[in-house]
Structures are given as structure tokens and as C-alpha cells.
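Here are my notes after going through this one. Have it open beside you as you read, and tell me where you disagree.

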Amino acid sequence: MPYGPWKKKNKATKEHLVENEELSGGHAGAGSLGKSAVNGAGLPPPPASLRPKLVFHTQLAHGSPTGRIEGFTNVKELYAKIAEAFNISPPDILFCTLNTHKIDMEKLLGGQIGLEDFIFAHIKGIKKEVEVYKSEDALGLTITDNGAGYAFIKRIREGSVADEVKVICVGDHIECINGRNIVGTRHYEVARMLKDLPKNTTFTIKLIEPMKAFEMLEPRSKGSKPGNDNKIGTGRSTLRLRSKGPATVEDEPTEFDEKAIKKVDDLLESYMGIRDTELAATMVEVGRDKKNPDEFAMALDESLGDFAFPDEFVFDVWGAIGDAKQGRI
């Protein structure tokens, strides 16, 4: 079957910050809904007049006033808007969570934001350099990325090699492996690099943990369990961010979408050591109307040609989408 290869910013102004809202008391608000921009994969960002007229509220996760942001169509633009609101540099942002300031991987911002979701930005904190002895073939790490060039740890398997190294934590950004800077490297490539490290050897990994407020300092989390529900958004509609093409306002994911996306995300972790709800959602969208695995594989090649998906994985994804359609998952 034809499977594919596979300046520092100006100071923040009142326009951006709401001085009286505290970290624990913020609630999201959305502006008026404009028409969603026409989807055009591979096209440059649309002019401001065509972008969804939405306003989101945001805070820095370790504590800050509340900012208002709007006019973004992808994750990189979102980070730029947050950075502008808080007078920080966009590369300082590691990832964002929705409706919680905690490092909760089940609330991680992916490809969709509910129109009433509150965005918390986690920025760079302490740098760490760790030597790890790889006593097993697998380290027990699940990797994801923030959509803007930073890979980070989403889950640590209990009892694994990584679990024994207590300074390695969920949410840590992986900056270097054995002296090689991997900023800008996709999560699946980072996962493969870690997997390919020889067994019974020692390697060095440089990490950057998210900045924490004092009340957030607590025992290390291993990340959310795969079986946990991870519903996207809290409102009836969501803003769908796309790596290619403009953002669109869409209805809240259906039960089919949620079950299929979760299953595909589980398969991504099983086969490739990554979790990525945006990638999973794209695969479900691609496979929704395909009649057979061959047609699905060709469509994946056209949409996601930079991934090297194993043949068995593609077949299992096709099966998972079919099971969700039939209500078997």
C-alpha cells in the first residue's frame, strides 16, 4: 500500500492587562464571533479582517495579572500575542494549559481552544543537566511538543528508567541530548533519538522546567494516565488552530471525534512514543470519509508527508476510526 514517508517587546499596556484579576479567580471570556476564515492548507495567514474576532483571557501560570489576546491563527501567533501582553519573549513560553495554572497534561493546549477557555502560559524556569544510565531499551518517557519548536515530557511511566531519576519531571522541556541542541526538532524525532541511544550506556540530557509559583511546589507528577478523559474546551464552539492554513471556529467535538482522537493519540504513544491531539485530530479528519486503508494511506501522505508512519500503525488507525464510527469504542 502507498504509505507515505510518511526586541524585547514594548511594555504591556492597559489594553492587554486587567490589573485586578488574580491567578485563582480568572474566568475566560470570548468576544463576538466573526465568520471563520476559509480553510486553505498551505496558504499564508489571512489578513486581520478575515481572522475570527475572538478575545481570550490569559495569565502566566506562576502568577500574573490577566491579559487579553486576540487575532492569532496558530500556536506560534498565540505565543507571540501572550508574550506581547506580558512583555516577555515568545521563546520564553514552554507550553500552555487550559483552565488550570497547574502542570496538568490532560489540560494541555493542543489544536483546539474552547471559546470560553482561560489560557495559562508556562514559561521557562530552572535549567537542569542530568546524567542517565540507560539500563533498559525504553526510558519510559512520552514526548510531545508545543507546536513552536519545543519538545517536552508529557508522561513518565511508573517504574521506568526515567522514573528512577527524580529530577526528571513531567513538563520539562528537552533542550539537549548528549550536547546536541534539539530545539526546533519535532517530538517524534526526539522520541526516536532517545529510543536509539544504546542500552547500558550513560547519556546527558539538558532540561528546562516550567517556572513555578511557591504554592505549586509539590511532589513530582508522572503525568495523566492514558485512560483519563480529555475533553477539549468548555463551550459549545472551539477555535481550531492549524499548523497550515487559518484558524476556524468549529462546533465542539462530537462523541465520535473525542473517542476517535483519544484512540489515535493512544496509538501514537504506543507506536512512536509521542502524544499529540492536534496530529490525532488531523488523522481522524483525514480518515472520516475514506472507504479503505489504501485510500486513507494516500490521503495521509498528502496531508502529513513529513511523518514516517509504520504500516501497522496506519492500519490500526484506520481500524480505530472505523470502530469509532460503529460505536465500538
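1. Is strand S9 (residues 173-177) mostly covered or mostly open? Mostly covered: five of its five residues are buried. Keep in mind throughout that this is a predicted model.

2. S9 has partners to look at. With strand S11 (residues 201-210) S9 pairs in the antiparallel sense, over four bridges, and Cys176 is the residue that stands opposite Lys206 in S11. S9 also pairs with strand S10 (residues 180-181), again in the antiparallel sense, this time over two bridges. There, Ile177 has Arg180 as its bridge partner.

3. Now the core. The largest nonpolar core holds 84 residues, and Ile119, Ile174, Leu194 and Phe309 are the ones that touch the most other members. Domain 1 (55-210) and domain 2 (253-326) both contribute residues to this core, so it lies between them.

4. Leu194 deserves a click of its own. Ignoring neighbours within four places in sequence, Leu194 is in contact with Lys134, Leu139, Leu141, Ile143, Ile174, Ile177 and Phe203. One of those, Ile174, is also on the list of core residues that touch the most other members.

5. Does the length of H1 agree or disagree with what its residue count predicts? At 1.5 Å a residue, the twelve residues of H1 (residues 75-86) should span 16 Å, and the end C-alpha atoms are 17 Å apart, which agrees.

6. The buried residues of H1 are Val75, Glu77, Leu78, Tyr79, Ile82, Ala83, Ala85 and Phe86. As background, an α-helix has 3.6 residues a turn, so residues three or four places apart point the same way. Phe86 has a relative accessible area of 11%, which is under the 20% limit, so Phe86 counts as buried. Phe86 and Thr58 are 28 residues apart in sequence, while their C-alpha atoms are 9.7 Å apart in space.

7. Thr100 is a loop residue, placed between strand S4 (93-98) and strand S5 (112-114). Even so, Thr100 is buried, with a relative accessible area of 16%. Its side chain reaches the backbone nitrogen of Lys102 at 3.2 Å. Leaving out residues up to four places away in sequence, Thr100 touches Lys107 and Phe120.

8. What does the side chain of Lys128 join up with through a polar contact? The partner is the side chain of Glu209, at 3.2 Å. Lys128 lies in strand S6 (residues 119-134) and is buried, with a relative accessible area of 15%. Not counting residues up to four places away in sequence, Lys128 touches Val167, Cys169, Asp172, Ile205, Lys206, Leu207 and Glu209. Among them is Lys206, which brings us back to the residue opposite Cys176.

Key: Residues numbered from 1 in each chain as written. Predicted model: local features only at pLDDT ≥ 70, side-chain atom pairs only at ≥ 80, totals over all residues. Heavy atoms only, no water. Expected span 1.5 Å × (residues − 1). Buried < 20%, exposed > 50% of the residue type's maximum accessible area, 1.4 Å probe, protein only. Core = buried A, V, L, I, M, F, W, Y, C linked by side-chain atoms within 4.5 Å. Domains from an automatic or database assignment. Contact = heavy atoms within 4.5 Å. Pairing = 2+ DSSP bridges. Polar contact = N/O pair within 3.5 Å; in protein donor to acceptor, adjacent residues only side chain to side chain.
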